[in-house]
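Welcome! Here are some exercises to work through with the structure in view. Try each task before reading its solution.

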Amino acid sequence: MLTDMADVEALLDDFAAECAELDALVADLDPAEWGRDTPAPGWSIAHQIAHLTWTDEVAAVAATDPERFGKLVEEAGPRALTFVDEAAAAKARTPAPELLAEWRSRRTALIDALRQVPAGTKLPWFGPPMSPASMVTARLMETWAHGQDVADALGVVRTPTARLRHIAHLGVRTRNYAYLVHGRTAPAEEFRVELTAPDGSPWTWGPADARQRISGSALDFCQLVTQRRHLDDLDLAVVGDDAAEWLSLAQAFAGPPGAGRTAGQFA
């Protein structure tokens, strides 16, 4: 478990590296290419970067001014299910060079803000409150996931890295949350998750003798829990009805259930 500031610093380094990798994909794009469609319906590359920019900004507010963050959530009111998309759509109209500069500024400000949060602090968010370590893990996950949409739009195949472990860990930890947002009760028993890291080493969670089991590629598991690929298109083995149900619901991100991707979309 991540508990001290050394852990947070290491996570912040990985978050910065994930941002830099996506930055390299978009930095030299012609401004017109920012309008290219991504696999997320209605979202262009500009929408993807705009969403990350806005969310990094709001995460920094949660880290530095929880009362102001609470007011943002309160003001959303009945728009709570749509205001995130509305914010992305509004910011996506920013000229590409300005949007790129703002994203760079916002993510740097977030890193600086999270460095200042005292250990043991819980930060408010749209889902359950989070520790600074969990917050930066969530931001890394979203950056990777939306980066996947950008890579898909550009026809780029990214090389998986050890940073996937953070996303896989979040995917496992959010099992019960995925049930909650679907209005279902999570199973009481723990599941076993056994993944193969990009370097071939094993990553595991849960009891070794668990009856409900998921195994396979760490990359594919991360694509599943971020809903960037359909289960039918992934190298994951599932044992047990409960494990199969979880993978049909899994989402590592806060908010209402996502639509995911259709089977064969990237064949």
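A polar contact is a pair of N or O atoms within 3.5 Å; within protein, one of them must be able to donate a hydrogen and the other to accept it. Keep in mind that this model is predicted.

**Exercise 1.** Find where Arg163 lies, decide whether Arg163 is buried or exposed, and name its surroundings.

*Solution.*
- Step 1: Look at the loop between helix 6 (132-154) and helix 7 (164-173); Arg163 lies there.
- Step 2: The relative accessibility of Arg163 is 12%. Buried means under 20%, so Arg163 counts as buried.
- Step 3: Leaving out residues up to four places away in sequence, Arg163 touches Asp14, Ala17, Glu18, Glu21 and Leu140.
- Step 4: With Glu21, the side chain of Arg163 makes a polar contact of 2.9 Å.

**Exercise 2.** Which rings have an Arg over their face?

*Solution.*
- Step 1: Start at Trp103: Arg107 lies over its face, 4.2 Å from the ring centre.
- Step 2: Go on to Phe191, where Arg175 lies over the face at 4.4 Å from the ring centre.

**Exercise 3.** Which residues do ring pairs link into a cluster?

*Solution.*
- Step 1: Ring centres within 6.5 Å make a pair, and the count comes to 6 aromatic pairs.
- Step 2: Follow the links: Trp54, Phe69, Trp125 and Phe126 form a cluster.

**Exercise 4.** How many helices and strands does the chain have, and how compact is the chain?

*Solution.*
- Step 1: The chain has 10 helices and 4 strands.
- Step 2: Its radius of gyration is 18 Å, close to the 18 Å from the globule rule for 267 residues, so the chain is as compact as a globular protein of that length.

Methods. Residues numbered from 1 in each chain as written. Predicted model: local features only at pLDDT ≥ 70, side-chain atom pairs only at ≥ 80, totals over all residues. Heavy atoms only, no water. Phe/Tyr/Trp six-rings, centres within 6.5 Å; stacked < 30°, edge-to-face > 60°. Lys NZ or Arg CZ within 6 Å of the ring centre and 35° of its normal. Helix = DSSP H or I, 4+ residues; strand = E, 2+ residues; numbered from the N terminus. Buried < 20%, exposed > 50% of the residue type's maximum accessible area, 1.4 Å probe, protein only. Contact = heavy atoms within 4.5 Å. Rg over C-alpha atoms; globule rule 2.2 N^0.38 Å.
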